[in-house]
Amino acid sequence: MDDDASLSAWAERRDRKIGRLRAVPLVTGDEPRGTHLAPDAPRVIQRWNGHMWEPHGFAANLAEARRVLHPGTGTVPSPETTPGSVPKLGPGTGRHRKPRPGR
């Protein structure tokens, strides 16, 4: 295998990621960091410069961060898909359902 070819392929993959944005919640060390677990927490928008994530902006909450990360989509999360909403389960006897009394 040609080492120069694999190195140039790696450099090409790295360069494609330059400018990518991500939102990181601003929470203390004890709180959850998952996006879906803290939707009202403020976010720092970071940009990948090819070597490290650098500060790029600020968002007040998850919805605003999504608008910054995905401009032009015009979609706002619906209440059915927002974290913390209760899923609507239909009737059934799925493996993880609690058995009803008398059955």
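The legends below describe close-up views of a predicted model.

**View 1. The whole chain and the order of its elements.**
Two helices and three strands make up the secondary structure of this predicted chain. Read from the N terminus, the elements follow the order α-β-β-β-α. Of the 103 residues in the chain, 13% are buried. The chain exposes about 8400 Å², and carbon and sulfur atoms supply 56% of that area. Among contacts between residues at least 6 apart in sequence, 33% join residues at least 24 apart.

**View 2. Confidence along the chain.**
The mean pLDDT of the chain is 78, and 70% of the residues reach 70 or more. Among the elements, helix H1 (residues 3-16) has the lowest mean pLDDT, at 84. Strand S3 has the highest, at 93. Where pLDDT is low, predicted coordinates should not be read in detail.

**View 3. Strands S1 and S2.**
Strand S1 (residues 21-25) is joined to S2 by five bridges, and the two strands run antiparallel. One place to look is Leu21, whose bridge partner in S2 is Arg47. Strand S2 itself covers residues 43-48.

**View 4. Strands S2 and S3 and the turn between them.**
S2 also pairs with strand S3 (residues 53-59), in the antiparallel sense and over six bridges. Across this pairing, Ile45 stands opposite Gly57 in S3. S2 and S3 form a hairpin, with four residues between the two strands. In the turn, Gly50 has a positive phi of about 105 degrees.

**View 5. Gln46 in strand S2.**
Gln46 is one of the residues of S2. Is Gln46 buried or exposed? Its relative accessible area is 16%, and the limit for a buried residue is under 20%, so Gln46 counts as buried.

**View 6. The surroundings of Gln46.**
Which side chain makes a polar contact with the side chain of Gln46? The partner is Arg22, and the contact is 2.7 Å. Leaving aside neighbours within four places in sequence, Gln46 is in contact with Arg20, Leu21, Arg22, Val24, Trp53, Glu54 and His56. Strand S1 spans residues 21-25, and among the contacts of Gln46 are Leu21, Arg22 and Val24. Strand S3 spans residues 53-59, and the contacts of Gln46 also include Trp53, Glu54 and His56.

Notes. Residues numbered from 1 in each chain as written. Predicted model: local features only at pLDDT ≥ 70, side-chain atom pairs only at ≥ 80, totals over all residues. Heavy atoms only, no water. Buried < 20%, exposed > 50% of the residue type's maximum accessible area, 1.4 Å probe, protein only. Polar contact = N/O pair within 3.5 Å; in protein donor to acceptor, adjacent residues only side chain to side chain. Contact = heavy atoms within 4.5 Å. Pairing = 2+ DSSP bridges. Areas by Shrake-Rupley, 256 points an atom, 1.4 Å probe, with all protein chains shown as cover. pLDDT = per-residue confidence, 0-100.
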